[in-house]
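Please walk me through this structure. Begin with the chains as wholes, then go on to the details.

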Amino acid sequence: MNDSGPTAAERFVRGILPENPVYRQLLGMCPTLAVTAAVKPALTMVAATAFVLICANVLVSLIRRLLVPHLRILVFTLTIATFVTIADRVLAAYLYEMSKALGPYVPLIIVNCMIISRCEVCASKQTVGVALADAVGVSLGFLVALASVATVREILGMGTWMGLPVLPEGVPRLVLFVMPPGAFLTLGLLLGAINAWSARRARRRASATPRTVKEAA
Amino acid sequence: MTPATPSSPDLEAPRLHVAPGPHLVSGGRSTRGMMVDVLVGLAPVLAAAVLVFREWALLQLALCLVSCALFETLFARLRGRGLRGRGLRGREASLTDGSALVTGAILGLSLPWSAPWYVAVVASAVAIGIGKAAYGGLGQNVFNPAMVGRAFVMVSFASVMGAASYVRPGADLSIVTQATPLTAAKEAAGAADIPGLWPMFLGVTNGSLGETSALACLLGGVWLCWRRSAAWRIPAGVFAGAAAAAAVAVLANPASPLGVPHHLLAGSLAFGAFFIATDPVTSPLSHRGQWLFGLGIGVLVITIRMLSNYPEGVVFAVLLMNAAVPLIDRATIPEPLGGIPSADREAAS
């Protein structure tokens, strides 16, 4: 088994925007939709998920030479479940209110495809350093996604950001945005905006390239 | 020397008018023509609304028409730029086909007289932007745009759109000092608080702007069906479904102050049946499908009235049945004349 693949720096940068877990790979939809009604629970969820992702990636990378191909998914799941249980119990012990507010969504981190995909794509094939960089990069990408969705929903729906008042009293609140349909609307609109933005960038790059080629010739 | 290329490709494209046969009589039908028919059909409803609610009706309607037209222009411009090339479908065509005005008129007439200005603006933005433009414009939308906007503000601004907002004690206009008939029925459950059938038919009751007068809706609706801009089977189905469900509701609870005729005349059933459910984009194509669609709306309206916290259910009934339209269309594909019956086709394949 060789350890070749993208370098640690590449893995780190890709996870944040170019291969953003939510906006590019559409993974981790359940927490993205369920816990983004306000910024605080969203950040707690990101922290718990990042803890699980980083620990699972590092551990899987350490034991990668022991993995048997047909049992690997089982090993990934058990590894992830162990760390999710730790995260869940720590939250319940030290952030009881938040733990209650997040409800079943902390245990549900186990089935977050984002984590198992990182174990499969990166950690089971590359060294510990690369797996760590990958996990941190993807966690940052998850942070960008959840924070952006939660920011839009909390400001439009409640006029606050992390509980701090942002909009003046007179501005009507769009309560729908903190309700479940608002999650789908916000995610859809943000996805559309990001797709439009990257399509425009790609077009610009495409129209710029032939010109430089011509000039060079 | 290069051959002369057209500066704008869409200038060269032939103008095709797509219509079902027989083409001897189909020449005059256009989206614009149908939208003008709807606006004419809405005239009696508007007249009734102005008679009942005075300047409130005009203000609300003007606000919705203007904001729908503005948002239509804005979103068409956004999409035109996104598609590359100048003037690709959308820019001029989307405003002049009149569909934004119809959406604005129906939206305005479905709002309470007391709704603040931002309700109309937000509802218009959602109707045109999320209800229509996000799906790819007129003809692609799954849900009736006006109802998407109405549902959005109904849920978002519950405090200014709820049953209590219709009533303003001590107002100059005596009608708006009473609860709407369906709210009265829901809360008081005493027959004395329900207006008589004749006032409900004429429309001298409280309610959303366009819904109070069943007579005006009937006049405009019959005109629409006669012009064939609306499929008559849909409103017929709505009334039949609502009557059947109301009969069941009355049998189940004989003490209810609402009889079957009350159910048919109250709320926005008539307005919804003739003007909202008949939107050609979001209703089924086949005759059988139109009956099914109408019946479903009628039954759902009464179900929501009787069993939910909302006094009226036209908005959600229409949206739910809109979602079922692709299924209905698939299940009711008619046999072509001389074609192979579908059972035989399945057996052959």
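In what order do the elements of chain A run from the N terminus on? The order is α-α-α-α-α-α-α-β-β-α. That makes eight helices and two strands in chain A. Keep in mind that this is a predicted model.

Stay with chain A for its overall dimensions. Its C-alpha atoms fill a box of roughly 60 × 60 × 25 Å along the principal axes. The chain has 217 residues, and 39% of them count as buried. It exposes about 11200 Å². Carbon and sulfur atoms supply 72% of that area. Now take the contacts between residues at least 6 apart in the sequence of chain A. Of these, 76% join residues at least 24 apart.

Turn to chain B. Here there are 17 helices and zero strands. Of its 349 residues, 46% count as buried. Chain B exposes about 17400 Å², with 67% supplied by carbon and sulfur atoms. Among its contacts between residues at least 6 apart in sequence, 75% join residues at least 24 apart.

One helix pair in chain B shows how such packing looks. Helix H5(B) covers residues 99-110, and helix H7(B) covers residues 145-156. Their axes lie 8 Å apart, at an angle of about 35 degrees. The crossing is right-handed. From H5(B), the residues in contact are Thr103(B), Ile106(B), Leu107(B) and Ser110(B). They meet Pro145(B), Ala146(B), Met147(B), Gly149(B) and Arg150(B) of H7(B). By class, this contact has five nonpolar residues, three polar and one charged.

Next, the aromatic rings. Over all chains, a search finds 12 aromatic pairs. One of them joins Tyr118(B) and Phe157(B). Why is this pair called edge-to-face? The ring planes stand at 70 degrees, and over 60 counts as edge-to-face. The ring centres are 5.2 Å apart, within the 6.5 Å limit for a pair.

Where do the two partners sit? Tyr118(B) belongs to helix H6 of chain B, residues 117-129. Phe157(B) lies in the loop between H7 and helix H8 of chain B.

Key:
Residues are numbered from 1 along each chain as its sequence is written. Chains are lettered from A and ligands numbered from 1 in the order in which they are written. This is a predicted model: local features need pLDDT of at least 70, side-chain atom pairs count only at pLDDT 80 or more; totals for chains, interfaces and linings use all residues. Side-chain values use heavy atoms; hydrogens and water are left out. Helices (H or I, at least four residues) and strands (E, at least two) are DSSP runs, numbered from the N terminus. Buried means under 20% relative accessible area, exposed over 50%, partly exposed in between (1.4 Å probe, protein chains only). Contact means heavy atoms within 4.5 Å. Accessible areas come from the Shrake-Rupley method with a 1.4 Å probe; for residues, only the protein chains shown count as cover. Axes are lines fitted to C-alpha atoms, for helices over the stretch in contact, and angles run from 0 to 180 degrees between N-to-C directions. A crossing is left-handed if the near helix is turned anticlockwise from the far one by less than a right angle, and right-handed if clockwise. Ala, Val, Leu, Ile, Met, Phe, Trp, Tyr, Cys and Pro count as nonpolar, Asp, Glu, Lys and Arg as charged, and the others, Gly among them, as polar. Rings of Phe, Tyr and Trp (its six-membered ring) pair if their centres lie within 6.5 Å; planes under 30 degrees apart count as stacked, over 60 as edge-to-face and the rest as tilted.
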